[in-house]
Amino acid sequence: MKICEYFRSIQGEGVTIGIPTYFIRTAGCNLRCEWCDTTYAWEGGREMSVDEIMEMVDDTENVCITGGEPMLQKDTLKLLDRLLKVGKKVIIETNGSVDISGIPKDDKVIISLDVKCPSSGMSEKNLPSNLEHIGKKDQIKFVIGNQVDLNYAIRYLRENPVDANVVFGAVGGMDLRDIAEEVVRRKLNVRVLPQLHKIIWGEERSV
Ligand code: SF4
(Lines give C-alpha, C1' and ligand atoms only; values in the text may rest on other atoms or scores of the structure.)
Protein backbone atom coordinates (compact mmCIF):
# COMPACT_ATOMS: atom_id res chain seq x y z
CA MET A 1 0.00 0.00 0.00
CA LYS A 2 1.11 3.57 -0.60
CA ILE A 3 1.37 5.23 2.80
CA CYS A 4 1.79 8.97 3.27
CA GLU A 5 2.26 9.03 7.05
CA TYR A 6 1.27 7.39 10.34
CA PHE A 7 1.11 8.94 13.78
CA ARG A 8 -0.68 8.97 17.13
CA SER A 9 -2.87 11.96 17.90
CA ILE A 10 -6.42 12.69 18.91
CA GLN A 11 -9.33 12.44 16.53
CA GLY A 12 -10.06 15.97 15.38
CA GLU A 13 -13.35 15.40 13.54
CA GLY A 14 -16.67 13.62 13.68
CA VAL A 15 -18.37 11.34 16.19
CA THR A 16 -15.11 10.17 17.79
CA ILE A 17 -13.74 13.69 18.22
CA GLY A 18 -11.23 14.01 21.04
CA ILE A 19 -10.46 10.30 21.34
CA PRO A 20 -6.78 9.26 21.21
CA THR A 21 -6.35 7.69 17.80
CA TYR A 22 -3.60 6.15 15.69
CA PHE A 23 -3.76 7.53 12.13
CA ILE A 24 -2.74 5.73 8.97
CA ARG A 25 -2.84 8.11 6.03
CA THR A 26 -2.71 6.52 2.59
CA ALA A 27 -1.22 8.42 -0.34
CA GLY A 28 -3.08 9.22 -3.54
CA CYS A 29 -6.43 10.84 -4.13
CA ASN A 30 -8.75 10.82 -7.12
CA LEU A 31 -10.29 14.20 -6.15
CA ARG A 32 -8.89 17.71 -6.02
CA CYS A 33 -11.05 19.60 -3.54
CA GLU A 34 -10.54 23.36 -3.72
CA TRP A 35 -9.92 23.65 0.01
CA CYS A 36 -8.01 20.38 0.53
CA ASP A 37 -5.77 20.58 3.62
CA THR A 38 -3.84 17.39 2.84
CA THR A 39 -2.54 18.15 -0.65
CA TYR A 40 0.74 16.53 0.45
CA ALA A 41 -1.14 13.20 0.34
CA TRP A 42 -2.19 13.56 -3.32
CA GLU A 43 0.93 11.95 -4.71
CA GLY A 44 3.91 9.90 -3.66
CA GLY A 45 3.93 7.90 -0.45
CA ARG A 46 5.99 4.95 0.67
CA GLU A 47 5.10 1.44 -0.43
CA MET A 48 4.39 -0.65 2.68
CA SER A 49 2.95 -4.12 3.11
CA VAL A 50 0.06 -4.75 5.47
CA ASP A 51 2.52 -6.62 7.73
CA GLU A 52 4.82 -3.59 7.86
CA ILE A 53 1.95 -1.27 8.70
CA MET A 54 0.74 -3.60 11.46
CA GLU A 55 4.21 -3.45 13.00
CA MET A 56 4.01 0.35 13.12
CA VAL A 57 0.59 0.54 14.76
CA ASP A 58 0.97 1.02 18.50
CA ASP A 59 -1.38 -0.09 21.30
CA THR A 60 -3.90 2.74 20.76
CA GLU A 61 -7.36 1.18 20.74
CA ASN A 62 -8.76 3.46 18.02
CA VAL A 63 -7.28 3.55 14.55
CA CYS A 64 -8.26 5.91 11.73
CA ILE A 65 -7.54 4.97 8.14
CA THR A 66 -7.61 8.17 6.14
CA GLY A 67 -6.11 9.77 3.06
CA GLY A 68 -5.77 10.82 0.38
CA GLU A 69 -8.45 8.31 -0.48
CA PRO A 70 -7.92 4.97 1.28
CA MET A 71 -10.45 3.08 -0.86
CA LEU A 72 -8.15 3.47 -3.88
CA GLN A 73 -5.63 1.08 -2.31
CA LYS A 74 -6.23 -2.57 -3.08
CA ASP A 75 -5.07 -3.71 0.39
CA THR A 76 -7.09 -1.27 2.51
CA LEU A 77 -9.77 -3.85 3.33
CA LYS A 78 -7.08 -6.40 4.16
CA LEU A 79 -5.51 -3.89 6.55
CA LEU A 80 -8.90 -3.18 8.07
CA ASP A 81 -9.45 -6.89 8.64
CA ARG A 82 -6.05 -7.28 10.32
CA LEU A 83 -6.72 -4.32 12.61
CA LEU A 84 -10.07 -5.80 13.65
CA LYS A 85 -8.43 -9.16 14.35
CA VAL A 86 -6.09 -7.54 16.90
CA GLY A 87 -9.05 -5.85 18.62
CA LYS A 88 -8.86 -2.33 17.20
CA LYS A 89 -11.82 -0.03 16.66
CA VAL A 90 -11.42 1.43 13.21
CA ILE A 91 -12.80 4.53 11.56
CA ILE A 92 -12.29 4.69 7.83
CA GLU A 93 -12.58 8.11 6.21
CA THR A 94 -13.53 8.10 2.55
CA ASN A 95 -14.25 10.91 0.13
CA GLY A 96 -17.56 9.48 -1.10
CA SER A 97 -16.57 9.02 -4.73
CA VAL A 98 -15.30 5.44 -4.52
CA ASP A 99 -17.43 2.33 -3.96
CA ILE A 100 -17.48 1.35 -0.26
CA SER A 101 -19.62 -1.79 -0.53
CA GLY A 102 -16.67 -4.00 0.47
CA ILE A 103 -16.24 -2.43 3.92
CA PRO A 104 -17.41 -5.00 6.48
CA LYS A 105 -20.54 -4.32 8.52
CA ASP A 106 -18.84 -4.69 11.88
CA ASP A 107 -19.69 -3.00 15.18
CA LYS A 108 -16.05 -1.97 15.50
CA VAL A 109 -15.95 -0.20 12.15
CA ILE A 110 -17.22 3.33 11.60
CA ILE A 111 -17.43 4.56 8.03
CA SER A 112 -16.98 8.30 7.68
CA LEU A 113 -18.41 9.18 4.28
CA ASP A 114 -17.89 12.64 2.82
CA VAL A 115 -20.56 14.24 0.72
CA LYS A 116 -18.75 16.87 -1.30
CA CYS A 117 -20.49 20.25 -1.45
CA PRO A 118 -20.26 22.66 -4.43
CA SER A 119 -17.41 24.81 -3.02
CA SER A 120 -15.13 21.76 -3.16
CA GLY A 121 -15.57 21.68 -6.94
CA MET A 122 -16.12 17.93 -6.57
CA SER A 123 -19.84 17.54 -5.84
CA GLU A 124 -20.37 15.83 -9.21
CA LYS A 125 -18.18 12.99 -7.92
CA ASN A 126 -20.45 11.92 -5.05
CA LEU A 127 -21.43 8.28 -5.56
CA PRO A 128 -25.09 8.02 -4.45
CA SER A 129 -24.98 4.21 -4.10
CA ASN A 130 -22.56 4.56 -1.18
CA LEU A 131 -25.44 5.72 1.02
CA GLU A 132 -26.84 2.16 0.88
CA HIS A 133 -23.85 0.98 2.90
CA ILE A 134 -24.09 3.53 5.68
CA GLY A 135 -25.66 2.51 9.00
CA LYS A 136 -26.57 3.98 12.37
CA LYS A 137 -23.01 3.88 13.77
CA ASP A 138 -21.50 5.53 10.67
CA GLN A 139 -21.24 9.19 9.79
CA ILE A 140 -21.85 11.40 6.79
CA LYS A 141 -19.70 14.48 6.73
CA PHE A 142 -20.37 17.76 4.93
CA VAL A 143 -17.61 20.37 4.83
CA ILE A 144 -19.38 23.67 4.32
CA GLY A 145 -17.62 26.63 2.76
CA ASN A 146 -20.49 29.04 2.09
CA GLN A 147 -24.26 29.46 2.15
CA VAL A 148 -24.63 27.59 -1.15
CA ASP A 149 -22.93 24.57 0.46
CA LEU A 150 -25.17 24.81 3.50
CA ASN A 151 -28.30 24.86 1.35
CA TYR A 152 -26.90 21.97 -0.70
CA ALA A 153 -26.26 19.87 2.43
CA ILE A 154 -29.72 20.52 3.84
CA ARG A 155 -31.37 19.65 0.51
CA TYR A 156 -29.19 16.55 0.12
CA LEU A 157 -30.29 15.25 3.53
CA ARG A 158 -33.93 15.96 2.74
CA GLU A 159 -33.70 14.08 -0.55
CA ASN A 160 -31.55 11.25 0.87
CA PRO A 161 -32.75 10.54 4.41
CA VAL A 162 -30.27 8.22 6.16
CA ASP A 163 -30.23 6.71 9.62
CA ALA A 164 -26.67 7.73 10.46
CA ASN A 165 -24.75 10.45 12.26
CA VAL A 166 -24.51 13.61 10.23
CA VAL A 167 -21.70 16.09 10.78
CA PHE A 168 -21.44 19.64 9.47
CA GLY A 169 -18.05 21.31 9.58
CA ALA A 170 -16.82 24.66 8.28
CA VAL A 171 -14.05 25.54 5.87
CA GLY A 172 -12.66 28.74 4.40
CA GLY A 173 -14.49 31.84 5.49
CA MET A 174 -17.61 30.02 6.67
CA ASP A 175 -18.47 30.77 10.28
CA LEU A 176 -19.40 27.72 12.35
CA ARG A 177 -21.84 29.96 14.21
CA ASP A 178 -23.83 30.57 11.01
CA ILE A 179 -24.02 26.83 10.42
CA ALA A 180 -25.03 26.17 14.04
CA GLU A 181 -27.75 28.82 13.97
CA GLU A 182 -29.20 27.40 10.74
CA VAL A 183 -29.18 23.90 12.24
CA VAL A 184 -30.96 25.12 15.36
CA ARG A 185 -33.46 27.22 13.40
CA ARG A 186 -34.37 24.35 11.07
CA LYS A 187 -34.29 21.75 13.88
CA LEU A 188 -31.88 19.56 11.92
CA ASN A 189 -30.60 16.34 13.47
CA VAL A 190 -26.99 17.25 12.72
CA ARG A 191 -23.83 17.67 14.77
CA VAL A 192 -21.99 20.91 14.13
CA LEU A 193 -18.33 20.34 14.89
CA PRO A 194 -15.04 22.21 14.57
CA GLN A 195 -11.79 20.55 13.50
CA LEU A 196 -10.34 20.09 16.98
CA HIS A 197 -6.78 19.37 15.83
CA LYS A 198 -6.69 22.73 14.06
CA ILE A 199 -7.85 24.55 17.18
CA ILE A 200 -5.05 22.84 19.12
CA TRP A 201 -2.22 22.67 16.57
CA GLY A 202 -3.18 25.08 13.77
CA GLU A 203 -1.89 24.01 10.36
CA GLU A 204 0.82 21.69 11.72
CA ARG A 205 1.12 18.40 9.91
CA SER A 206 0.88 14.87 11.39
CA VAL A 207 -1.44 15.86 14.24
S1 SF4 B 1 -10.91 14.00 -1.07
FE2 SF4 B 1 -9.74 14.61 0.74
S3 SF4 B 1 -7.57 14.30 0.20
FE4 SF4 B 1 -8.76 14.24 -1.70
S5 SF4 B 1 -8.67 16.33 -2.50
FE6 SF4 B 1 -10.55 16.17 -1.28
S7 SF4 B 1 -10.01 16.83 0.78
FE8 SF4 B 1 -8.09 16.41 -0.33
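The expected span of a helix is taken as 1.5 Å times one less than its number of residues, and helices (H or I, at least four residues) and strands (E, at least two) are DSSP runs numbered from the N terminus. The model is predicted: local features require pLDDT of at least 70 and side-chain atom pairs count only at pLDDT 80 or more, whereas totals for chains, interfaces and linings use all residues. Residues are numbered from 1 along each chain as its sequence is written.

The chain contains five helices and nine strands, arranged along the sequence as β-β-β-α-β-α-β-β-β-α-β-α-β-α. The radius of gyration, taken over C-alpha atoms, is compared with a globule rule of 2.2 Å times the number of residues to the power 0.38. For 207 residues a compact globule would have a value near 17 Å, and the 16 Å of the chain agrees with this. Along the principal axes, the C-alpha atoms fill a box of roughly 50 × 35 × 30 Å. Burial is assigned from C-beta atoms placed from the backbone: a residue with 20 or more others within 10 Å of its own is buried, one with 12 or fewer is exposed, and one in between is partly exposed. On this basis 36% of the 207 residues are buried. Contacts are defined by C-beta atoms, placed from the backbone, that lie within 7 Å. Among contacts with a separation of 6 or more, 69% are between residues 24 or more positions apart.

Helix H3 (residues 147–159) has 13 residues, which at 1.5 Å a residue should span 18 Å; its end C-alpha atoms are 18 Å apart, in agreement. Its buried residues are Asp149, Leu150 and Ala153. Viewed down the axis of H3, these residues fall within an arc of 100 degrees (from the directions of the C-beta atoms from the helix axis), so they line one face of the helix. In general, an α-helix has 3.6 residues a turn, so residues three or four places apart point the same way. The face of H3 turned away from the buried side carries the exposed residues Val148, Arg155, Arg158 and Glu159. The cover over the buried residues of H3 includes strand E7 (139–144), strand E8 (165–170) and helix H4 (176–185).

Val143 is located in strand E7 and counts as buried, with 24 C-beta neighbours inside 10 Å. Leaving aside residues up to four places away in sequence, Val143 touches Cys117, Ser120, Gly169 and Val171. Val143 and Arg82 are 61 residues apart in sequence, and their C-alpha atoms are 30 Å apart in space. For Arg205 and Asp37, the sequence separation is 168 residues and the C-alpha to C-alpha distance is 9.6 Å. Arg205 lies in the segment after helix H5 (196–201) and is exposed, with 10 C-beta neighbours inside 10 Å.

Most residues other than glycine have a negative phi, and most peptide bonds are trans. Gly67 and Gly68 are joined by a cis peptide bond with omega about 10 degrees; Gly68 is in the loop between strand E4 (62–66) and helix H2 (76–85). Lys187, not a glycine, has a positive phi of about 55 degrees. Lys187 is in the loop between H4 and strand E9 (191–192) and counts as exposed, with 7 C-beta neighbours inside 10 Å.

How values were computed. Two residues are in contact if their C-beta atoms, placed from the backbone, lie within 7 Å.
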